[in-house]
Amino acid sequence: MSEFTLSELKEIMSASAGVDEGVELDGDIADVAFADLGYDSLAVLELCGQVERRYGVSISDDAVAEMPTPAKAVEYVNALLAKAGV
Amino acid sequence: MSTSDVVTGPVVTGIGVCAPTGIGVETHWQAVLAGKSGIGRIERFDPARYPVRYAGQVPGFSAQDRIPGRLIPQTDHGTHLGLAAAASALADAGVDPADLPEYEMAVVTSSSSGGTEFGQHEMERLYRHGPSWVGAYQSIAWFYAATTGQISIRHGMRGPCGVMCCEQAGGLDVLGQARRLVRLGARLVVSGGTDASLCPYGLVAQLSNRRLSTVDDPARAYLPFDVEASGYLPGEGGAMLIVESADGARDRGAGQGYGVIAGYAAGFDPPPGSSRPPALRRTIERALADAGVTPSDVDVVFADASGVPEDDVIEARALVETFGPGSVPVTAPKTLTGRLYGGGAALDVATALLALRHGVIPHTVGPTRLAPGCDIDLVSGEPRNTGPRTALVVARGHGGFNAALVLRRSGSD
């Protein structure tokens, strides 16, 4: 079974939504709100799209509300992958 | 009426340029004075199979060096140029937006194409892979208003914001709108435009108007008012301008700025086949009346300079009827950049303000023999040091848009 990791999330965020100078995606960001990292809901939607394509799963747009921080996003995606048996 | 009773128009206190003539006000101005062209073979894609292969491209632009990293994958190249130009214009005006009330700062930009390059990339993903491959940022990056929105968010400007889509006339129409907003109480307006549509999809869309030149020589393809005029070449980029009330600029110690927006008018052409005349002459006359100046007060005209022979004759005739044959210097530095659509007239205004500040009329590179019916005094060969105080900028957008703007040197009555 695949596991979605924080480093994978960081990689996707920097490729698809960009990184501002001064934002340390490599630092301890797991529990910092996406908004405080400079990402809006579109960035989280984009993250969902990337996960959908990589793992062939479907994520509802409403799921954005379940992903306020990187840690919560990783948790949500892993729960989804487990459920889908990916 | 005493001088103190004269209502002074708003002033331009800052300019940011990202254009084929270079990045930055000084680089642009030196290129214009030297007649250094920014037109070359299209580099953003291989144009070999297209009938138009030359365009004006911004040299050495690096989004990584000029805008926040997060915004690079989220926005189109045209927005990158706009964000960079807006930041330069604010710095040039000596404004820190954090010092001003957020609801008193406005953003109005001109756009003719929206984010076509970004859009093309996402459309390719759609038809190659499927809907889930289209990025979330497509939802905002292709909008005409994307550049306005991103400037507004980046600098915390929450006053009246909008976009005007009037093709090449838009760069003047946004300044007319900026003036209106200043009169309504806006303290500062970021205005101007930077289109960038040099991708296959964007170029093919432009080709549909049949006005682009297919002459296979970058130095001879765009020759407005010339006997060999064959249409125009496209370009990317433009300029952003900071517009403030004269009082507001003085109060914050910004001085008199580059110049005053003294008059503006817009007009729309009658439909093809109509017996009514083109709207350009009336538009120019109304802009002069709005500025309270007579034709003899105008020291230089920055022409629309379409390069399409019939459009050139219409413009030359409007100028001759307004000013008399050959009685005002006319120039078109846009032959160095190509027509920049939403950014074109904004860059012309920037160039005109620099001409007023430096007292020099830049020349037009390219045209050598005026076409019959173009009885204008086209400044060519070299710049003229005539100390212009009042400039008229003319712009027309495909589809019938006409606009004229009168600028006065700061400090002249």
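# Reading the Contacts in Chain B

Visitor: How many residue pairs are in polar contact between chain B and chain A?

Guide: In this predicted model, four residue pairs are in polar contact between chain B and chain A, both residues of a pair being at pLDDT 80 or more. What makes a pair count is a separation within 3.5 Å between N or O atoms, one able to donate a hydrogen and the other to accept it.

Visitor: Which elements of chain B supply residues to the side that touches chain A?

Guide: Helix H3 (71-74) and helix H6 (138-141) of chain B each supply at least two residues of that side. The residues of the side of chain B that touches chain A divide into seven nonpolar, five polar and two charged. The contact takes 14 residues from chain B and 15 residues from chain A.

Visitor: What makes the pair of Arg179(B) and Asp290(B) a salt bridge?

Guide: Their side chains meet with N to O at 2.8 Å. The rule requires a side-chain nitrogen of Lys or Arg within 4 Å of a carboxyl oxygen of Asp or Glu, and therefore the pair qualifies. Arg179(B) lies in helix H8 (residues 170-183) and Asp290(B) in helix H11 (residues 280-291) of chain B, so the bridge ties together parts that are 111 residues apart in sequence.

Visitor: Are Arg179(B) and Asp290(B) buried, partly exposed or exposed?

Guide: Buried means under 20% relative accessible area and exposed means over 50%, with partly exposed in between. Arg179(B), at 6%, is therefore buried, whereas Asp290(B), at 35%, is partly exposed.

Visitor: How do you know that Glu228(B) and Arg220(B) form a salt bridge?

Guide: Their side chains meet at 3.4 Å, N to O, and the limit is within 4 Å, so the pair is counted. Glu228(B), with a relative accessible area of 39%, is partly exposed, and Arg220(B), at 25%, is also called partly exposed.

Visitor: What parts of the chain does the salt bridge of Asp304(B) and Arg339(B) tie together?

Guide: The side chains of Asp304(B) and Arg339(B) meet at 3.0 Å, N to O. Asp304(B) lies in the loop between strand E10 (300-302) and helix H12 (309-323) of chain B, and Arg339(B) in the loop between E11 and H13 of chain B, so the pair ties together parts that are 35 residues apart in sequence. Both Asp304(B) and Arg339(B) are buried. They belong to a network of salt bridges that also links Glu315(B) and Arg396(B).

Visitor: Is Tyr341(B) buried or exposed?

Guide: Tyr341(B) has 8% relative accessibility, and therefore counts as buried. Tyr341(B) lies in the loop between strand E11 (329-331) and helix H13 (344-358) of chain B. Its phi is near 55°, a positive value in a residue other than glycine.

Visitor: Why is Arg210(B) called exposed?

Guide: Exposed means over 50% relative accessible area; Arg210(B) stands at 77%, and so it is exposed. The place of Arg210(B) is in the loop between H9 and strand E8 (237-244) of chain B. Its phi is near 60°, again a positive value in a residue other than glycine.

Visitor: How do you know that the buried residues of H9(B) line one face of the helix?

Guide: In helix H9 (residues 200-207) of chain B, the buried residues are Pro200(B), Gly202(B), Leu203(B) and Gln206(B). Seen down the axis of H9(B), they fall within an arc of 165°, so they line one face. What covers them includes helix H5 (116-128) of chain B.

Visitor: What makes helix H7 of chain B mostly covered?

Guide: In H7 (residues 146-155) of chain B, seven of the ten residues are buried. Among them are Ala146(B), Ile151(B) and His155(B).

Conventions
Residues numbered from 1 in each chain as written. Chains lettered and ligands numbered in written order. Predicted model: local features only at pLDDT ≥ 70, side-chain atom pairs only at ≥ 80, totals over all residues. Heavy atoms only, no water. Contact = heavy atoms within 4.5 Å. Polar contact = N/O pair within 3.5 Å; in protein donor to acceptor, adjacent residues only side chain to side chain. Helix = DSSP H or I, 4+ residues; strand = E, 2+ residues; numbered from the N terminus. Nonpolar A, V, L, I, M, F, W, Y, C, P; charged D, E, K, R; others polar. Buried < 20%, exposed > 50% of the residue type's maximum accessible area, 1.4 Å probe, protein only. Arc of directions from axis to C-beta.
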